[in-house]
Amino acid sequence: MPVKSFRMPAHACNAHLHIIDPAYPNDGKAEAQIGTVSMYRRLAEELQLERAVFVQAKPFGTDNTCLTDAIARFGAENARGIAVVQPDVTDAELEALHAKGVRGLRYSVWNPSNAVVSIDGCPIMAERVKAFGWNIQIHSSALQIAAWRDMIASLPTKVVIDHMGRMDPHKGRDDPAFRVVCELIDRGNTWVKLSGPYLNTAG
């Protein structure tokens, strides 16, 4: 058995993972991407990751049942969720999501052909969820971030930029979005998630 040379600090958190359980209604693609709570729990124990942030997976669209059930099964005291909703979601539905551990909304719109929601609904939804203390999580291309700079800066919530902003590795700091993201960070309400580095590689 290999000797571990590193021990995670207490309360270490996996800040971004998807639970994809085909037992829940989905678009037919969940079976090829299976990652259940029980499967993740074994990995979390091995890696000493006590806490988790579950992010709604695309196969489930705006049906957040798999997400909220994952929070409950992993343990609400150690898990939170990032949901996906349409602008016509009711206040009662938002309150129910909050009670089940949801703490933010995700806009995964880097590929318009398979986006579940539109970025157009982001500002109004940010206004609606700010009272809950939720964040807005944006997964977009670097070009989109640069184009939406003013909109993102105007959001009244905390903002999380997914997957390091999907910057062009060939451009490095010369990517126009790099300066935009730095400016947003300096405003004090924006964070960049250090996740998905494989999405931004040149290979």
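Met-164 is partly exposed, with a relative accessible area of 27%, where partly exposed stands between buried (under 20% relative accessible area) and exposed (over 50%), with a 1.4 Å probe and protein chains only. The model is predicted, so that local features need pLDDT of at least 70 and side-chain atom pairs count only at pLDDT 80 or more, while totals for chains, interfaces and linings use all residues. Residues are numbered from 1 along each chain as its sequence is written, and side-chain values use heavy atoms, with hydrogens and water left out.

**The loop between S6 and H7**

Met-164 is found in the loop between S6 and H7; helices (H or I, at least four residues) and strands (E, at least two) are DSSP runs, numbered from the N terminus. The phi of Met-164 is near 60°, a positive value in a residue other than glycine. His-163 lies in the loop between S6 and H7 as well, and has a positive phi of about 50° although it is not a glycine. Most residues other than glycine have a negative phi.

Asp-162 also belongs to this loop, which runs between strand S6 (158-161) and helix H7 (176-186). The side chain of Asp-162 makes a polar contact with the side chain of Gln-137 at 3.0 Å; a polar contact is a pair of N or O atoms within 3.5 Å, of which, within protein, one must be able to donate a hydrogen and the other to accept it, and residues adjacent in sequence count only if both atoms are side-chain atoms. Leaving aside neighbours within four places in sequence, Asp-162 is in contact (heavy atoms within 4.5 Å) with His-16, Arg-106, Gln-137, Ile-138, His-139 and Lys-193.

The relative accessible areas of several single residues are set out below.

| Residue | Relative accessible area | Class |
|---|---|---|
| Asp-162 | 0% | buried |
| His-163 | 6% | buried |
| Ile-136 | 0% | buried |
| Cys-122 | 0% | buried |
| Cys-13 | 35% | partly exposed |

**Helix H7**

Asp-175 caps the N-terminal end of H7, with a side-chain oxygen 2.9 Å from the backbone nitrogen of Ala-177. In H7, Ala-177, Val-180, Val-181 and Leu-184 are buried. They lie on the same side of H7 because they cover an arc of only 95° around the axis, the arc being that of the directions from the helix axis to the C-beta atoms. These buried residues pack against helix H5 (142-147), helix H6 (149-154) and strand S7 (190-192), whereas Arg-179 and Asp-186, on the other side of H7, are exposed. Just after H7, Gly-188 takes a positive phi of about 95°.

Ile-136 has its place in strand S5 (residues 135-139). Beyond its neighbours within four places in sequence, Ile-136 is in contact with residues including Leu-105, Tyr-107, Cys-122, Val-129 and Val-160. The C-alpha atoms of Ile-136 and Ile-152, 16 residues apart along the chain, are separated by 9.4 Å.

In helix H2 (residues 65-74), the buried residues include Cys-66, Leu-67, Ile-71 and Phe-74. Among the elements that cover the buried residues of H2 are helix H1 (37-47), strand S2 (51-55) and strand S4 (102-108). Just after H2, Gly-75 takes a positive phi of about 120°.

**Cysteines**

The structure holds zero disulfides, a disulfide being a pair of cysteine sulfur atoms within 2.5 Å. Cys-13 is in no disulfide, and the nearest cysteine sulfur, that of Cys-66, is 18 Å away.
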